[in-house]
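Here are my notes on the model you sent over.

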Amino acid sequence: MLPIPQAIPPASTLDELLALNDQQFICCVYQTLLKRTPDVDGFDHYLGLLRRGFSKTQILLQIRRSKEGKANDSTLQDLDHVLQRYQRGQYPLIGWLFRKLYNVESNHPIERRMRAIEQQIFLIRNEDNSHCHQNFSSPRVRLKLAYISPLPPERTGIADYSAELIPELSRYYEIDVIVAQETITDPWIKTCCLVRDANWFARNSHLYDRVLYHFGNSQYHQHMFGLLEQIPGVIVLHDFFLSGIVAHMDVHGLNPYGWTRELYHSHGYQAVQERFHAKDTVDARWKYPCNKTVIDNARGVIVHSDSSQRLAKQWLGKTLANEWSVIPLLRVPITTKKKVESRLALGIAKDAFIVCSVGILNSTKQNQRLLDAWLASSLSQDTRCLLIFIGENESGDYGKNLTASIQQSGLADRISITGWTNPGTFRQYLAAANMAVQLRTLSRGETSAAVLDCMNYGLPTIVNAHGSMADLDADAVWILPDQFEDAALTNALETLWKDEDKRQALGARAREVLLTQHSPRTAANQYVKAIESYYKQAESPSGTPKQPSSITKQLLIDISTLVRHDLKTGIERVVRSILFELLHNPPEGFRVEPVFATHQESGYRYARQFTLRFLNCPEQGLVDESVEVAKGDIFLGLDFQPHLVPQQTEFYSHLQSIGAEVYFVLYDLLPILRPDVFPEDLLPLFSSWLHTIAQTDGAICISRAVADDMKEWLAVHGTPRLKPFKLGWFHLGADAISSVSTSGMPRDAEVVLAKITNRPTFLMVGTIEPRKGYLQALNAFEELWIQGVDVNLVIVGNVGWEILPDTHRRTIPKTVAKIKNNSELNRRLFWLAGISDEYLEKIYEASNCLIAASEGEGFGLPLIEAAKHQLPIISRDIPVFREVAGDHVFYFSGLKPRELANEIRNWIKLDKKGMVPLPDNMPWLTWKKSSRNLLNVIVNDQWQQEWTSENSTNSKV
């Protein structure tokens, strides 16, 4: 049985009366119409009618038409008119016509819309107190609200919070509570609210006008994730971080792979990799909030502090949190503080000076630091001073060490940990205390209810400026720096202990803040305003659609070849290295998404499963869905796809039409410039690929030489376009990335390395293709060997174009045959095909000189790799090698074997004199720097040139 509310004055207006919650409404009706407080039987009778679905209008009618009501003959303006209108709707025939005419069927869509309109009218009229006395011409019908939250007796502060908020919200809404618990102990909620479980709500959500979810980072909220996805509503985000409960549901099989999906959805691939590669998965739970899906599904978001908005800007974008509502955490004001009675009940001396700390004890609460500061203070020397931790101790090492510290202090009789306390005992401890200390670290975006509890009891409270506590009124609490020194805490303890006036001032201001900013009535009014605003925006035909929870754009990286088969050629090595860097260092404001295309369908798919394998993570949990694009996204064709790209022109055009950008990495134009060293059928294929690229937004080349080639090609083949075609370049990296480099050594590796180091060794690296200069080099070295020059030639490279018939492979069959049939093979000639990056590193270290004999390249990665190993270089004199190596290499010209053999002999002579150019100061980049330069061009718009349809090139530099 609920107590009858006392001191409820008569209502002055009808809408004031109808706005009251159920108990207050009954009491106010008695005072207004019967001029007395309700008796117990009458109160229970009419409250029971309301609980069974009777409207307030029906209750008013019964009391107004009762014998006592008629005798008093008291009324309100418009009350009799409203009752008469209601009664007309109850007559058997006329009433039926009346209801049909006015659409008053309770679940009819029009009636539900009318209820929403009436709610808006009520809110508008009550936005300030000057309108509170305006009358309604008809009684207000409260909207039905589904309130989804844990409730008492669940051991979570959110349950207690809801128990305090619901009665106040009931002034505006007819509330049903949706729970996943067997019992509810709060008497008000049990009496005044219908209780439904989650399964019932999932089937009957259409009965509700409004839905409000309270999300926290604990198992009490696990049923809400599925409900919110199915039934959107306004969410109250009590904890910005939801990673704890998301991980819990995954690990315990309640939502298999759910944590992986949420890490990916909220934070990208790097977060997923950290989860699986961390020594302790707790690290990933602490680092990543995992709340994006919940926020995406919400109609609106309510938080309790500016700290949560700051976290949202950090994790979700700088503008999104501007749409959130910040409502201070409510607390029911304490009317009496029975210090003497509480101390007597707890067995604490009247003259004791109590410092308390409230909440579960663990490392984030810095309880050990409070203990150390208290022990270092003069309070520890006064036998009247007590330190009480009001809460349950952690069961792990932190809690054990804290207990041991207390025992070793020798003051265990004055330092205590209460363990979990029931609400009554908890209030007694707060009433008994003299001051409080609430410290935090590693905040997860929660608002400290414990601090507000201390302030509610007028306790002078010491906090550190961490998370939401940094936003507290500096006149209401003693605020230490976030990263404070123990001596500063000790000083604060001693100052407040000795200065009673300062304690009184802090406590009084704390109470004032609680009464003015955190009262349930104030909070409820703000809740209604926020909820109705979000629903009004959602229901308005002209309303703007809800923005996604992140303004992060996508950087779509095409890795189609890599997904199908990694040939481990030069381009694949580049793609792997850049992909690795972009995944681990995404550009600000962008989300890196590897994608791939196939011949079977138009458009691209997310390469999620490949990327998980690439990062050495389990691939379960993510699906390769079709790519979704939006304005501001960037597509980067990182892989070389001459077969696929021309088939995707419609996809690229779609991206450009919606405001996305499409760029391609251009490795070279050699099939156009040197068709004689490529398969005959490659020229039309490559030409089609290049024409497709020329219709996009731009190309970023791997050297300035390639950009110059592209500029010349556009001058001849470029077609008219409205926007300039952007041209830029960047250089490739040379460092080996352990996570993407291949490893492993063959059995004969030591033997080969020993032979290589026995005599001067010249190294050639690259796929065996006609343009690479292998035939010239092989013939040159045969001539040197005949002339008695005792040197090695090491070739590292796979056979090119193996899928083609020999008739289409130009000089490749001849080159391979010459290697295999050479009498010096495995003596002074070594061919290492398909070796690992690990083995190649050792080959570089064992060699004396790199020969870069290629007749055409887009960049010349082996030159950079050689420079990294301080390996001297003999290079063909072509523009791109000049761009990459400058004056740090020995150049040669000519295509005949004898010309190269002579240059090698000259180099050997110069080397003996110490006169060969050395690459020690030759500039080379890491893949991290190379990738950053790439991003500077395509993301930061640092393009070097533009080509216009007037066949002119406008340089930006």
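The points below cover aromatic pairs, charges over rings, one arginine in a loop and the cysteines.

1. Some ground rules before the details. This is a predicted model, where local features need pLDDT of at least 70 and side-chain atom pairs count only at pLDDT 80 or more, while totals for chains, interfaces and linings use all residues. Residues are numbered from 1 along each chain as its sequence is written, and side-chain values use heavy atoms, with hydrogens and water left out.

2. How many aromatic pairs does a search of the whole structure find? It turns up 28. Rings of Phe, Tyr and Trp (its six-membered ring) pair if their centres lie within 6.5 Å; planes under 30 degrees apart are stacked, over 60 edge-to-face, and the rest tilted. Take Y30 and Y46: their ring centres are 6.3 Å apart and the planes sit at 65°, so this pair is edge-to-face. Y30 belongs to helix α2 (residues 22-34) and Y46 to helix α3 (residues 40-51), so the pair ties together parts 16 residues apart in sequence. Helices here are DSSP runs (H or I, at least four residues), as are strands (E, at least two), numbered from the N terminus. Both Y30 and Y46 are buried, meaning under 20% relative accessible area; exposed is over 50% and partly exposed in between (1.4 Å probe, protein chains only).

3. With ring centres 6.1 Å apart and planes at 70°, the pair is edge-to-face. It links distant parts of the chain, 16 residues apart: F635 is in strand β17 (residues 634-637) and F651 in helix α30 (residues 649-657). F635 is buried at 0% relative accessibility, and F651 is buried at 11%.

4. There is also an aromatic cluster, made up of F240, F241, Y288, W315 and W324.

5. Now for charges over rings (NZ of Lys or CZ of Arg within 6 Å of the ring centre and within 35 degrees of the ring normal). R196 lies over the face of W200, 4.0 Å from the ring centre. R882 does likewise with Y891, at 3.8 Å.

6. R384 sits in the loop between α20 (367-376) and β9 (385-390) and is partly exposed, at 46% relative accessible area. Beyond its neighbours within four places in sequence, R384 is in contact (heavy atoms within 4.5 Å) with D351, A352 and F353. R384 and A352 are 32 residues apart in sequence, yet 4.7 Å apart C-alpha to C-alpha.

7. What about disulfides (cysteine sulfur atoms within 2.5 Å)? The whole-structure search finds zero. For C356, the nearest cysteine sulfur is that of C454, 4.9 Å away. C356 is buried at 1% relative accessibility, and C385 is buried at 1%.

Terms used: A disulfide is a pair of cysteine sulfur atoms within 2.5 Å.
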